[in-house]
Amino acid sequence: MLSNLAARDVETLIHPYTNLATHRETGPLVLERGEGVFVFDTDGRPYIEGMAGLWCTALGYSNGELVEAARAQMARLPFTHLFSGRSHDPGIELAETLKELMPVPTSKIFFTSSGSEANDTQVKLAWYFNNALGRPEKKKIIARQRGYHGVTVASASMTGLAGNHADWDLPLPGFLHTACPHHYRYAEAGETEEAFSQRLADELEAMILREGPETVAAFIAEPVMGAGGAITPPAGYFAAIQAVLARYDVRFIADEVICGFGRCGTWFGGQALGMRPDTISFAKALTSGYVPLGGVSVDEPLYEAMLDQSRKLGSFGHGTTYSGHPVACAVALKTIEIFRREGIVAGVAAKAPHFQARLAKLAEHPIVGEARGIGLIGGLEIVADKASRRQYDPKAGVAARCVAFAQGEGLIVRFLAGDRVAVCPPLVIAPDEIDALFDRLTRALDRTRDWIAA
Ligand code: PLP
C-alpha cells in the first residue's frame with residue numbers, strides 16, 4: 001500500500017532513469033530533509049546518503065552557509081543573465097576563482113547549468129574551433145564504452161552505455177567509442193595493468209588512423225568512470241592515451257563532472273591520475289549540488305578563435321538563459337570558500353586510506369568479484385563465480401536487489417548496469433560514518449547472498 005505522497009507521485013511524475021513499470025508497484029522513496037551525511041524520509045527514517053545525492057552533495061546536507069549564500073543573492077539580485085554583455089559580480093568572481101583552480105591552461109570560463117550541457121558545449125566548441133581554424137572535416141568525437149557524459153543529444157552520443165543509445169537513435173554519426181579501461185573485466189589472462197593500458201592506447205591509435213586523423217576532433221574521458229561502474233583506470237592508462245592524442249592533434253576533454261572538487265583527494269580527479277587534458281567539464285560538487293551549475297574551461301587558442309569568429313560573424317551564438325545563474329554562482333563561491341577554509345580536499349586525502357581499506361575488504365565477500373576505488377569513490381562488481389568472474393543473468397537484477405537491501409539497512413547506494421554498486425558519500429563524512437556505511441553495505445551484501453541462495 002503506497003503512502004499518500006507515493007501514490008500521488010506514481011500518478012503524476014515521470015522519473016529519470018527509473019523502471020516506470022516497477023515504479024508503479026513500489027512507488028518512490030520520498031525524502032524530506034537532510035543533515036550532515038544523513039537524509040530522512042517522510043516517516044523520519046534516517047539513511048546514510050552513500051551517493052552524495054547523485055555524486056554531488058560534497059559538503060553534506062543542511063549547510064547553513066550555502067543556504068545563506070543562496071538567500072542573500074536571491075534577495076539582492078535573483079536573476080540576471082550573461083547574454084549580450086550583461087554580467088554580475090558572483091559570476092565574475094567565480095570565473096576568477098575557477099581560473100585559479102583549473103589544473104589546465106585556462107583563459108576563460110563558460111558556465112552551463114548541468115554536466116550534460118557542459119559536455120554538449122565541449123562538442124560544439126571542438127567543432128567551432130576546427131571551423132575557425134579552417135579544418136571543418138576534423139569533427140569526429142571519440143569517447144569510451146561505459147563512459148557517461150550525460151543525456152542531451154551530443155552528450156548521450158558520447159555516453160557509452162547501451163541504454164542511452166537503444167531506442168533513442170543514438171549515437172549521432174561521427175561519435176565513436178573506444179574500449180573501456182576496466183582491467184578486471186577486459187584484460188587478457190596474465191595481462192598487466194600497464195600492458196592492458198598500452199593495448200587500449202594502441203586500439204585508440206588504430207581507430208584514429210582508420211577514421212583518418214584529419215577527421216578526429218576530440219577525445220573525452222572521465223578520470224574515474226562513474227555511471228559506467230565506478231571504474232578507476234589501470235596503471236599507465238592516461239599517459240599512454242595522451243601520447244596517442246598528441247601525435248594526431250586530438251583535443252583532450254576531461255569530464256570532471258563527478259571527480260572535480262575533491263572526490264579523489266585532489267581538486268580535480270585528473271591530478272590524481274596523471275591526466276593532462278586541454279579542457280575540463282565540471283558541475284555537481286561545484287555547488288555541493290545545492291543549485292544547478294556547470295561549465296567548461298576555455299584555453300587561449302580556443303578563446304583566440306572565438307574572438308576571431310566574433311569579429312567575422314558577430315556574436316558567439318551559444319548559451320542558455322540560466323548559464324551562470326547568479327544564485328548558483330554565489331553558492332559555488334561559498335562552496336569553494338568552505339573547501340579552502342576547512343581543507344576539504346586534504347581531508348578527503350586523509351580519510352581515503354580508511355575508506356579504501358573498508359571498500360577493499362568487501363572483495364572477500366562471496367558475491368563480490370572486485371572492489372575498486374580512489375579517494376572517496378568506489379565500486380563493487382557482483383559476480384556469480386569469483387574464479388571465472390561470471391556474472392548473474394542481468395534479468396535477475398542482483399545489484400538492484402543489493403541496493404534495495406542497503407536501503408532497508410539505512411544506506412543509500414546506487415546500482416549500475418552490469419551488476420555494479422557505486423559508493424560516493426559526501427566528502428565531509430566522518431571516519432565513524434565511513435564504518436557505519438560499510439557495516440550496512442556488508443549486511444546488504446549478506447542479505448543479497450541469502451536471497452540468491454533461497
Ligand atoms: N558527466 C558525468 C561524468 C556524470 O556523471 C554526469 C551525471 O551524472 C554527467 C556528465 C551529466 O551531468 P548532468 O546530469 O548534470 O547533466
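Predicted model: local features only at pLDDT ≥ 70, side-chain atom pairs only at ≥ 80, totals over all residues.
Me: Which domains does the protein chain have?

Reply: The domain assignment gives domain 1 as 4-62 + 344-453 and domain 2 as 66-341. Their C-alpha centres sit 26 Å apart.

Me: How many residues of domain 1 and domain 2 are in contact?

Reply: 28 residues of domain 1 are in contact with 27 of domain 2. On the domain 1 side, the elements giving two or more residues are helix 3 (52-55), helix 14 (344-361), strand 11 (368-374), strand 12 (377-382) and strand 15 (420-423). By class, that side has 16 nonpolar, 8 polar and 4 charged residues.

Me: OK, and the core: which residues touch the most other members?

Reply: General idea first: in soluble globular proteins, nonpolar side chains tend to be buried together. Here the largest nonpolar core has 129 residues, and Ile141 and Cys402 touch the most other members. Helix 13 (residues 326-342) gives the most to this core, 9 residues, and each of domain 1 and domain 2 supplies at least three. Leaving out residues up to four places away in sequence, Ile141 touches Val123, Ala126 and Met158, among others.

Me: In what order do the 7 strands of the open sheet run?

Reply: Strands of a sheet pair through backbone hydrogen bonds, either parallel or antiparallel. This sheet is mixed, with the order 4-10-9-8-7-5-6. Strand 4 (108-112) and strand 6 (175-178) are the edges, each pairing on one side only. From one strand to the next, the twist averages 20°.

Me: What joins strand 8 to strand 9?

Reply: 3 bridges do, and the two strands run parallel. Asp255 has Ser281 in strand 9 as its bridge partner. Helix 6 (residues 115-132) packs on the sheet, its direction making about 25° with that of strand 10 (294-298).

Methods: Residues numbered from 1 in each chain as written. Domains from an automatic or database assignment. Contact = placed C-beta atoms within 7 Å. Helix = DSSP H or I, 4+ residues; strand = E, 2+ residues; numbered from the N terminus. Nonpolar A, V, L, I, M, F, W, Y, C, P; charged D, E, K, R; others polar. Core = buried A, V, L, I, M, F, W, Y, C linked by C-beta atoms within 7 Å. Buried ≥ 20, exposed ≤ 12 C-beta atoms within 10 Å, placed from the backbone. Pairing = 2+ DSSP bridges. Axes fitted to C-alpha atoms, helices over the stretch in contact; angles between N-to-C directions.
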